[in-house]
Amino acid sequence: MSKLRLATLWLDGCSGCHMSLLDTDERLLELAAQMDIVYSPLVDTKQFPERVDVVCIEGAVSTEEDEARLRLVRQRSGLLIAMGDCAVTGNVPAMRNPLGAEAMLRAVYRESPVLAPQIPIEDLPRLHGHALPLHRFVPVDLFIPGCPPAADTLFAALAALIAGTADGLRLDTRFGA
Amino acid sequence: MSAPILTLTIDGRQVSGLASETVLQVAKENGIAIPTLCFLEGLSATGACRLCMVEIEGSPRLHPACVTPIQEGMTVTTDSKRLFGYRRAIVQLLFSERNHVCAVCVANGHCELQELARAFGIDHIAFPCRHPALEVDASHSRFVLDHNRCVLCTRCVRVCGEIEGAHTWDVKNRGIRIQIVADLDTPWGAAATCTGCGKCVHVCPTGALAEKGKSMAEMRQKRPFLPYLVANRAEERK
Ligand code: SF4
Ligand code: SF4
Ligand code: FES
C-alpha cells in the first residue's frame, strides 16, 4: 500500500499547532511509517507538490498571499483540515477585525511609543481588512478546534485518516482547548 | 396554596407536575435534560436565548420550555432533529454576533457558551462573524464588563434586581444593537446603585463579567450559590 502524502501549511498563526504536532513525540515515528510529509515548515521542500492526499493548515487567512496559497493548496489536496482555532474561527489574528488593518498597523507601528514609528511594507504581503477562517474561502473537510489542539487530538485525527475511519469522527476538543 | 396536579407526556413518558410549574421544571424533575442558557435556577425566567425550545403537539411553533406552563394532556418533545438543528444554529449565531476568542478568555474552560458548542459538536461557525467594535468597561474598581463576550442572557440584570435589590443593570436598544448598561448608561464605576456585591459576575455564563486581575481561564464563577440565597430569603419571610 502506498503511503499517505501529507502536507502542512502555516498561514497566520503562532506555529503553536505545528508545535503540538511535534508534541506527538515518539508517535511521530508511527505516523512516519504510514505517511510521507511532502511539504511543511518542518521539511525542506520549497514548492507545494502537484498532488497531496491530506493537508493540515494552521492559521487564519490574513493577507492576499495567504488567500492565494490556500486556494492553490485546496486545488492540489484531497482532504483539507483546518488545524486549530485560527484556521477554524480566525481566533487571535481576528482580534484586529473590529479595528481594521489600517488602524491596527497605525496603533502598533506608529502610535506605540517604544518602536521606531514606521509601518513595514517592503517585501510583505498586504493585509486583508479582516483575518478570516479558511472556510470563508474554500471548502474544509475537517475542523479541529483548539488553541492549539492537543497532540493527542492531532494524533487521533491523523491515525483515523490512515485507518480510514475519519468519517463522522468526533474529536475530544473545543474552541480554546 | 396548593396548585392542582396536571398530567402530561414528555418524550413519550407520562409525567405530572403542579399547574404552576413550567415544562422545563417538570422535565428536570423527571430527569429529562433540556439545554438552557439564559435560565438560571433561583432567578425569574425570561425566555431570552430560545435554546430550551420544545415541540408541543398540535402547535406549529416552538415553545421555550423555561417560560411555558404545563397543561393537562399536553405532549412535549424536547429533542428532535429539527430542535437540534435550531439549537446548533442559535449557539453559532451567538458566536458570530460578537467577538468570542476562547483562547484568550478569562472564562476559558468555565464558559457555558463554549461548553454548549462542545456538547453540540460545533467545530466551526457556519455563519460569517460580525466582528463588531465593542467596548470593555473597566471603570469599576474590582470588576470588568467586556461587551465582546456578552450573550445578552440578562442573568446579571435579573440577579441584581431580584436578589441584590440594587437594579444597577438594564438593557438598552433593541435587536442587534442591544447592550447591557449600568444606571441608565453610565460607566459601571460611576454607577451609584452598585453595591459591589459581585453577584452578577458569578452568574454570567461567559467571560463577559469578570473579576479584575483574572487572567486567561482563571475566572471561576460560583453559579450554584443562588438557590441557597433564595431559600434563605424564603425562610426570613415566614
Ligand atoms: S465568553 Fe465563552 S465563548 Fe466567549 S470567548 Fe469567552 S470562553 Fe469563549
Ligand atoms: S454580561 Fe453576562 S450575565 Fe449579563 S447579559 Fe451579558 S452574558 Fe448575560
Ligand atoms: S433557557 Fe429558555 S429561553 Fe433561554
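**Note on chain B: domains, partner chain and one residue**

1. In this predicted model, eleven residues of domain 1 of chain B are in contact with 17 residues of domain 2 of chain B, contact being defined as C-beta atoms, placed from the backbone, that lie within 7 Å. On the side of domain 1 of chain B that touches domain 2 of chain B, seven residues are nonpolar, three polar and one charged, where Ala, Val, Leu, Ile, Met, Phe, Trp, Tyr, Cys and Pro count as nonpolar, Asp, Glu, Lys and Arg as charged, and the others, Gly among them, as polar.

2. Domain 1 of chain B covers 5-79 and domain 2 covers 100-237, with bounds that come from an automatic or database domain assignment. The C-alpha centres of these two domains of chain B lie 25 Å apart.

3. Between the chains, the contact takes 18 residues from chain B and 20 residues from chain A. The side of chain B that touches chain A consists of ten nonpolar, six polar and two charged residues.

4. B:V15 belongs to strand β2 of chain B, residues 13-18; strands are DSSP runs (E, at least two residues) numbered from the N terminus. Leaving aside residues up to four places away in sequence, B:V15 touches B:L8, B:I10, B:V26 and B:N30. The C-alpha atoms of B:V15 and B:N30 are separated by 7.4 Å, although the two are 15 residues apart along the chain.

5. B:V15 counts as partly exposed because 18 other C-beta atoms lie within 10 Å, between the limits of 20 or more for buried and 12 or fewer for exposed.

6. Residues are numbered from 1 along each chain as its sequence is written, and chains are lettered from A in the order in which they are written. Local features need pLDDT of at least 70 and side-chain atom pairs count only at pLDDT 80 or more, whereas totals for chains, interfaces and linings use all residues.

Definitions and conventions:
Two residues are in contact if their C-beta atoms, placed from the backbone, lie within 7 Å. Helices (H or I, at least four residues) and strands (E, at least two) are DSSP runs, numbered from the N terminus.
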